[in-house]
Amino acid sequence: MKLQPYAWIKVRNVHFISCHADYSPSVPTGLSCNFEEGLCSWYQDNSDNFDWSVVTGMDHTIGIGTSLVVDMWSPSLQGAFGRLVSYPQPPTPTERCLTFFYKLYGPNAGALNVKLIDGLGYEIILWTRSGAHGNEWHEAQCQVPQQLTTFQLTFEAVRSGFDGQVAIDDVAFVDRVCTIPRKCSFEGQKCGYSTVKWLHRSGHNNTTTGPKTDHTLGTELGFYMMVNTDADVFPTGTTAVLTSPVRPGTTKPECVSFWYHMGGPNPGYFTVYLKLEKGKRVLIFSESLGQGDDWRHGNSNISIGLVDWQLEFEVVGSGSRGSHVAVDDISVSAHPCEDQASKCSLENGMCSWSNIQNNLRDKLDWELTSAEAEQHYPVPLEDHTLGTEKGHFVFFPSSNRTAASQNAWLLSSHLPPTQATCLRFWAYKPHSSDCQLKIWRLSGGLIFELLVVNELGGPWRHFEVNITSSEEYQIVFEGIKGTSGFVALDDIEYTVGFDCATKVTEPTSKKPDNAGGIAASVIVVLLLIGTLVALLVFYLRTRPELEASSGATGFSNEGYVPDSTVSAGVSEREEE
């Protein structure tokens with residue numbers, strides 16, 4: 001139809017379709033959706049501040065398809081949050097599982113929430129993540145409880161600034177219990193962990209002892225698991241156990257990682273066990289001293305073969321007052337922990353280095369990426385470890401989307417007092433970059449300058465810094481933004497007890513670390529068992545008549561070869 005200038009058109013019988021929250025499609029398309037052909041049974045909330053955008057070329061499904069994205073850096077974006085809401089769902093007789101893939105990327109990415117809206121309109125947070133999570137897709141699972149009335153689900157992107165990206169893809173809503181998640185932050189749910197005397201708490205609803213903030217969100221609204229070890233409620237010798245769901249064994253080493261918080265002068269005995277299928281327990285971590293008001297990192301390599309296993313977090317009371325033990329962000333990674341948590345190539349994540357969730361210290365985050373994956377920020381054309389575009393590094397960009405001089409802290413785990421520790425790392429900062437890089441020692445709440453990196457201008461450059469400290473400390477990489485460019489880090493390593501001239505000055509850990517000796521002991525035991533098996537086979541082959549008369553039924557061998565890399569001291573033993 002061709003319209004003449006100044007023509008008028010009348011439109012009648014207009015019908016609005018899919019515009020109201022009470023609308024349900026006549027032909028249900030389901031909540032499972034890869035967004036290649038629309039939003040399926042999801043719609044944009046008209047009561048929020050901004051909409052999710054359908055973006056092509058960076059999806060999880062096929063790599064070049066579509067996903068739903070909120071670009072926090074978009075100048076047209078206004079307001080604090082945008083919501084994608086499901087059409088009303090019928091009651092469910094059993095629990096169901098919502099699975100999806102997500103990205104939280106950039107120095108100021110904000111947060112992603114999954115909420116349930118019940119029949120009365122109340123909102124319940126089922127799952128949440130915030131801050132930088134790297135330029136990659138992460139799988140998430142969210143258990144949806146049984147619902148006796150109609151309900152809705154919501155994906156909510158929450159803005160905290162102007163320099164990040166939130167994305168979702170490949171949503172599935174299935175009629176089963178969620179499989180075991182690799183990471184549990186305890187936000188809203190306990191991920192299938194069973195508890196004896198452990199409490200699901202947040203700083204907001206904790207009226208007695210306990211951390212004021214969780215580790216995941218760094219706020220009093222975040223959740224964790226806690227044992228109140230005050231003698232009035234938890235007498236000496238009382239035991240509390242937090243048990244993970246059963247996980248299948250694998251022939252490849254995996255890394256168990258967690259954060260713990262121990263408050264009070266003598267908070268009790270905190271122990272982490274690996275429990276094998278037939279009841280044997282192997283100790284992989286222990287601590288009994290108060291740690292101050294800090295979340296601390298623990299991790300350990302496990303390699304047990306094709307035997308099902310669980311984690312047990314055990315606390316035994318010591319009769320102290322005003323004390324507690326808490327854990328948060330328990331994860332099992334499908335790769336080994338980096339060497340002693342002191343050398344990090346960044347190819348399997350950020351090891352024990354972490355962004356902090358403390359607005360008094362910083363406002364932005366360091367971000368993990370690779371040149372191949374990067375589509376928005378300027379970065380090095382290759383990493384230092386592999387020397388390819390596939391290799392990973394952390395970087396901190398400058399831009400005019402956030403205020404000048406805003407900063408980001410990258411923090412190490414807690415390190416013991418030292419006469420000499422050598423910090424080594426590689427840094428990249430182009431000539432055009434006006435951001436700054438400073439390295440600090442954080443001790444007792446105070447920071448002490450170790451190094452200021454100014455002009456680099458070009459390829460990766462190597463730096464070494466000697467560190468001495470009469471008290472426990474942490475290493476801080478601080479990026480301070482300018483208006484353009486970036487600074488990047490790779491292959492970060494510290495050697496406790498060695499100065500940069502490689503001279504040994506003290507033991508290499510703050511406590512006797514039995515990992516090497518234990519691993520050797522286990523290997524010796526396995527060799528002895530192997531020898532016994534060989535002798536038994538030889539005996540049975542040469543004396544068949546004795547085999548028949550003895551009624552032997554075979555030989556069972558269950559081996560566990562630990563390679564412990566726990567940041568605190570470790571000892572291991574087996575219990576029947």
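Strands (E, at least two residues) and helices (H or I, at least four) are DSSP runs, numbered from the N terminus. This is a predicted model, in which local features need pLDDT of at least 70, side-chain atom pairs count only at pLDDT 80 or more, and totals for chains, interfaces and linings use all residues. Residues are numbered from 1 along each chain as its sequence is written, and side-chain values use heavy atoms, with hydrogens and water left out.

**Cavities**

- The structure holds three cavities of 30 Å³ or more, where a cavity is a set of points, on a 1 Å grid over the protein atoms alone, at which a 1.4 Å probe fits but cannot get out.
- The volume of the largest cavity is about 90 Å³, a volume being the space filled by probe spheres set on the points, which are joined across faces, edges and corners.
- Its lining (residues with an atom within 4 Å of a point) has 14 residues, of which Ile 180, Pro 181, Tyr 193, Arg 247 and Val 332 are the closest to the centre.
- Strand E21 (324-333) and strand E20 (309-316) each supply at least two residues of this lining, and the largest share, three residues, comes from E21.
- By class, the lining of the largest cavity has ten nonpolar, two polar and two charged residues; Ala, Val, Leu, Ile, Met, Phe, Trp, Tyr, Cys and Pro count as nonpolar, Asp, Glu, Lys and Arg as charged, and the others, Gly among them, as polar.

**The second largest pocket**

- About 850 Å³ of space lies in the second largest pocket, a pocket being an open set of points with protein on both sides within 12 Å along at least five of seven lines.
- Among the 37 residues that line this pocket, Ala 111, Ser 130, Leu 217, Thr 219 and Gln 357 are the closest to its centre.
- The lining of the second largest pocket is made up of twelve nonpolar, 19 polar and six charged residues.

**Confidence**

- The protein chain averages a pLDDT (the predictor's confidence in each residue, from 0 to 100) of 80, and 82% of the residues score at least 70.
- Over residues 535-540 the pLDDT is below 50, and this stretch has three contacts (heavy atoms within 4.5 Å) beyond near neighbours in sequence.
- Residues 542-576 also stay under 50 in pLDDT, although the model has 84 contacts for them beyond four places in sequence.
- Where pLDDT is low, the predicted coordinates should not be read in detail.
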